[in-house]
Amino acid sequence: MGIHVNHRRLFALCRKESMQIVRDPSSILIAFVLPVVLLFIFGFGINLDANKVRLGVVVEDSGAEAQRFAEVLAGSPYIEVHRNASRPNMRALLAAGEVRGMVVITSDFSAKVRKGDGSAAIQVLTDGAEPNTASFLGNYIQGAWQVWLSQRARDQGLPQSAMTELTPLYWFNPTTISRNYLVPGSISVIMTIIGALLTSLVVAREWERGTMEALLSTPVTRAEILLSKIIPYYLLGMAAMLMCVLVATLFMDVPLHGSWWILFIVSSLFQGSSLGLGLLLSTVTRNQFVAAQGALTAAFLPAILLSGFVFEINSMPLPVQLATYLVPARFFVNALQTLFQAGNIWPVLLINIGLLLLSACFWLGLTALKSSRRLDGN
Amino acid sequence: MDNGIAIAIRGLEQRFADQIALHGLDADIHRGSITGLVGPDGAGKTTLMRLIAGLLKPTGGEIRVENLDSINDADALHMLLGYMPQKFGLYEDLTVQENLDLYADLRSVFGEQRQQSFTKLLAFTDLARFTDRPAGKLSGGMKQKLGLACTLLGSPRVLLLDEPSVGVDPISRRELWRMVGELAVSGMTVVWSTSYLDEAELCEAVLLMNAGKLEYSGPPAQLIDTMRGRSVQLRNIAGNHRQVLQRALRQPEIIDGVIQGRALRLVLRNAGQYPDMKGLEAGHDALLVDVTPRLEDAFIDILGGGPGGDSVLAAHMPEAKLPADVDVDAVISAKSLTRRFGDFIATDNVNFQVRRGEIFGLLGPNGAGKSTTFKMMCGLLSPSEGRASVMGIDLKHSASTARRQLGYMAQKFALYGNLTVAQNLEFFSGIYGLRGEHQRETINDMIRVFSLQPYLGKLAGELPLGFKQRLALSCAIMHQPPLLFLDEPTSGVDPITRREFWTHINGLVEKGVTVMVTTHFMDEAEYCDRIGLVYRGRMIAIGTPDSIKQQASRTEEIDITMEEAFIRLVQNDDQSREIVS
Amino acid sequence: MWYALLTLIRKELQALSSPQSRRILIMPVILQLVLFPFAATLEVKNSTLAIYNQDGGAASVELTQRLAAAKAFPHIINLYSEAEMQRVIDNQQALLAIHIPIDFSRKLARNEVPDLQAIIDGRRSNSAQIAFGYAQQVVSQYAQEGSKRPLPAQLVVQNLYNPNLEYKWFVLPSLVAIITTIGCLMVTALSLAREREEGTFDQLLVSPLTAAYIMAGKAIPGILVAMLQGTIIAAAAVFVYRVPFGGSVWLLYLSMLCYGLSLAGFGLFISALCSNQQQAFLGVFSFMVPAVILSGYMAPVENMPLLLRGISAVDPLSHFIIVVKGIFLKGYDLSQAWPHLWPLIVISFITLSLAYLIFRNRSGQ
């Protein structure tokens, strides 16, 4: 059982596969149209940035201190203030999600502040139904409060040691535009769609249409059949990746600090894994529908959930964290985020490359094992 | 092994997970001959072919092809084998030339030899004009020819063809035969599988299979010879020939009978023992004439004789009722019926009328337009021009009222494969408005009539073909429709199931049901009262089977086959089209 | 004719209870129920904080201890040089590195503001910013306690509806929406495509059933499946994950019904356009992925640019998620849910009508 490859036969099969891809509208849709659409949606739709969060402010006190605080809030670049005189109204807005938090400055605020016994309180209510936004909002309001405190302290010539705070300095992605870290990750999702989902249909389709049977009765070898599926879809995936990277860097202003050839290597290895998985499903199930379902569950869902693309792996419970090591997308996303935003940081990249290589060999190897020269399996 | 045997099969048994596909086969296939592998769907023909091609591993016994073991020497085997599966193995998105190029490359046919092969094959298949057309856009016959051409590249020594002529127009079928015949002369061993028994008669040897068993192996002529003196035709029948058939089948001397136009073809139990003419009540002029036996007669004999002529189903059904204001002569009517798909005219100005209690057949090859016409008559498609009406109701406008009166059996018996037999029966009766006690009674009747009891809990998709057909028929008639539309109802079934089916149809027709049926099987056309020949969208002839045969006959010819008549009429039509254009 | 419709629905449900269908409908639900709540979290837990303390003074040591004690940072790396700090961030060993300068304690003693810097890994900017927030809180608290004078005013922060900002309370109600989407779309879109492929569709068209009935016969089982899956997930949310349920059950079912209708509309619309199962599958997929992303589940709608916000407004998932979260966490009543229910009804109406028209057109009636 050697790996016998006749070049002319292989070339003929690759050519056949490529022509089929080009002439099938659903392939073009999935390989080119959907990725660009998804890239835009991922890039602009999932925006975790420090945007202006809507905050409702109810000022029941007409005193100077209260007004001052309200002004500081309004001056924050991260907060969009909505004023309302009535607390119940604001509560309703909060419940409806029109504002993501509300600040109440009670009528005795200024008086208590002047008394200086520390009893003055600013009530902040956040919408806990959006925990992420609530966190951010809490932080922003804290920030505004710090500013207000330090302004007061300076005006009154008070010691400022209580004003100690942490100054943030961002390395990589200094503008903290979440797009810069989401888009590289989303490339892995897009490549999974092509690599696993599209190919999962391919072999099964040949079985269902009866062309596989005809092929197997010719002198072609298993290696030739497999390679003729892998090569065109690999090229397709890389073309899609190139397009995504160009769109990301040219139209979406996502920086790419790392080198192109490493990007190429990492993508190739990931493609190998995805293709292996997709072809395995297709070969084993011989049914397009079941294979596609399998690809969704085994490749696509993990690529979104478990790759670290949006959701932080460290925050997951330990068993789930361990499970992510089985997901090739995890290594790919890690490598991509570093390559794009940081550059060629070798310790990170080498580990990911090594694991991707392992993964690709595993899935492709398994597929090779499961491909049969006969209708009834090995 | 060189005593001229190309393929040696010994004790071959093939078992799949839940069934035995082949029961201990022994056969020898000679080199340079065309061997017919004959039998209905489910007989095991495809399984046997796949085993010979080395695509399946035998669970018992062995196969040697040109002295190569089908499994251990698979690589060498693929070098000298050509295999055309049922779906032809064509890539629909690729053009004719691209398909040929692919297979030429796969079989390492290069250079001078390649060019010569292409030229020869394109000429043979008459596809030279279509080299740039995608394979998916070819007609059925053209696809089959292309499939054969691709299989022939590389000049294989053994050629395996799985049902290459199913559904193809008779002219293309003859051409396929011609192509293959010429090849066999040059030393190629051909195994041609088919469910058409008349095709099998042309082979040098046949392997007759049924339900996984090999019933006969040898020259067809030999088998036919055993039937000598047992095939007769009853001619000049006066009165209702269907009723005469019923009476004939009740006679103990007769084991099988079918309608042939106005005559009946009967098979005797023993040579020379004729039935009592009085009992047949066929009229004064009726006479029994000896005719040459067919392979089908022998096959029926092997299987133990045909089914009886009395339909339990029909006995069960009430007289078909039509609303009073319906024109009895035009229960189904098509006027100037035309249907276009873009530039392509699928149905071109078709006219016909069907009387109450008549069986009207649309006959023609796949792609001729009979399905399109048929669908317009059922209300599934709306005509581009013209009028399709059923019981006087124009289907374009108020289909719903008409539908309750229709029974429809779709091609390949569209049943819900993942529901049980019982669930299918409940569903189809339910959507036609049967409920409560009446529904339950009707379903129980069907179960009894068609002997479905042991299969009630089985999934419809897993039924043997014959039972699928029965289930489909029962689902179509539970609401007692006065009109029945049957789309290729017997494609692929064994002759006995086919006869059984037609017994039911005949019985229903006796009760006044009007039947419209489509078929590509020429013999089946003879069971109809009148037929319309459809070719390339037009109805090129319409009338009783006998009148059409007469139309196509030259003077002094007595008895041409339906197929021959069809071919001649088609050729006439082609000529007249050329003159016009 | 009602009996005919019931027969249709019954047949569909029977087909759905085949072992293969059951596997496809139930297993992914269970898998996702187990995986999503644990994996889909934007919280910051188990993160590593690196501290480069150049000052040896008591103040800096105390600050370091406080940071180490913070729940958000179970892992601390002590650094001894700037180069190490750079490496630790580069190699993603720590999310955050805090640099305490050499004059920290001295400045504090003189009542001056010391220079405290946090180096943040912008590659994971969301988590980093939240982690930074936690660190910031520790620092502020420390600073305040150190000061002798009480602060002029306190900030009292209360997280309504979800006091501990438990991410699971956010994920699970949204999951009710997301998982039911997949099931309902699969049932409506694919079953129709399969009938066409198997030829039984012609059988239906020839029967007395009109296009409207056939569509209803596909839509209603889809809605029933959605409601069943929704019930399973809601029950798991309440009884297994202990998410509080503040609203009324009937309102939840009413919303599920409206949502189911809108989904069925999309499902039928997609399948009316496609001619085989594979296309229907890809069509459902191409609809679902953008629908989930633009629904507000992964990131707030208000952060999206105008065009995408517009699309989100016609995405039934976004409306349904708001209602479900509202019912679970905010105790919504009908008046509060209504602003999001009527868009669902309008969407259903439009998509169902479109599907019906395409249907009738294609079946040549």
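The predictor's confidence in each residue is expressed as pLDDT, on a scale from 0 to 100. Chain C has an average pLDDT of 86, and 98% of its residues score at least 70. The structure is a predicted model, in which local features need pLDDT of at least 70 and side-chain atom pairs count only at pLDDT 80 or more, whereas totals for chains, interfaces and linings use all residues. Residues are numbered from 1 along each chain as its sequence is written, and chains are lettered from A, and ligands numbered from 1, in the order in which they are written. For the model, ipTM is 0.83 and pTM is 0.83. Chain A averages a pLDDT of 85, with 95% of the residues at 70 or above. Helices (H or I, at least four residues) and strands (E, at least two) are DSSP runs numbered from the N terminus. Within chain A, the highest confidence is found in helix H1 (residues 7-23), at 91, and the lowest in E5(A), at a mean of 76.

The interface between chains C and A was examined with contact defined by C-beta atoms, placed from the backbone, that lie within 7 Å. Chain C contributes 88 residues to this contact and chain A contributes 89 residues. On the side of chain C that touches chain A, two or more residues come from each of helix H2 (19-39), helix H4 (82-90), strand E4 (116-121), helix H6 (125-146), strand E5 (153-160), helix H7 (167-198), H11 and helix H13 (316-330) of chain C. H6(C) gives the most to this side, with 14 residues. Residue classes were assigned by counting Ala, Val, Leu, Ile, Met, Phe, Trp, Tyr, Cys and Pro as nonpolar, Asp, Glu, Lys and Arg as charged, and the others, Gly among them, as polar. On this basis the side of chain C that touches chain A has 50 nonpolar, 28 polar and 10 charged residues.

Strand pairing also links chains A and C, two strands being paired if DSSP finds at least two bridges between them. Strand E5 (residues 166-171) of chain A pairs with E4(C) in the parallel sense over six bridges.

The contact between chains B and C takes 26 residues from chain B and 21 residues from chain C. Helix H14 (399-403), strand E20 (406-409) and helix H15 (421-431) of chain B are the elements that give two or more residues to the side of chain B that touches chain C. H15(B) gives the most to that side, with four residues. The residues on the side of chain B comprise 13 nonpolar, nine polar and four charged.

Helix packing was described by axes, which are lines fitted to C-alpha atoms, for helices over the stretch in contact, with angles running from 0 to 180 degrees between N-to-C directions. In chain A, helix H7 (residues 178-209) packs against helix H11 (residues 288-305) at an angle of about 165°, with the axes 9 Å apart. H7(A) is therefore roughly antiparallel to H11(A); angles under 35 degrees count as roughly parallel, over 145 as roughly antiparallel, 65 to 115 as roughly perpendicular and the rest as oblique. The contact of H7(A) with H11(A) includes A:Val189, A:Ile193 and A:Leu197 in H7(A), and A:Ala295, A:Phe300 and A:Ile304 in H11(A). By class, this contact has 13 nonpolar, five polar and two charged residues.

In chain C, the axes of helix H10 (residues 249-273) and helix H11 (residues 277-293) come within 9 Å and cross at roughly 135°. H10(C) is therefore oblique to H11(C). C:Phe266, C:Ile270, C:Ser271 and C:Leu273 in H10(C) meet C:Ala280, C:Gly283, C:Val284 and C:Phe287 in H11(C). The contact of H10(C) with H11(C) has six nonpolar, two polar and no charged residues.

Chain B contains an open sheet of six strands in the order E6-E7-E8-E3-E9-E10, with mixed pairing. Its edge strands are strand E6 (81-84) and E10 of chain B, each of which pairs on one side only. The twist averages 15° from one strand to the next. E6(B) pairs with strand E7 (residues 158-162) of chain B in the parallel sense over four bridges, and B:Met84 stands opposite B:Leu161 in E7(B). Helix H5 (residues 140-152) of chain B lies across E6 and E7 of chain B and runs at about 165° to E6(B).

Elsewhere in this sheet, strand E9 (residues 205-210) and strand E10 (residues 213-218) of chain B run antiparallel and are joined by five bridges. B:Leu208 stands opposite B:Tyr216 in E10(B). E9(B) and E10(B) form a hairpin with two residues between them, and B:Ala211 in the turn has a positive phi of about 50°.

Methods: Contact = placed C-beta atoms within 7 Å.
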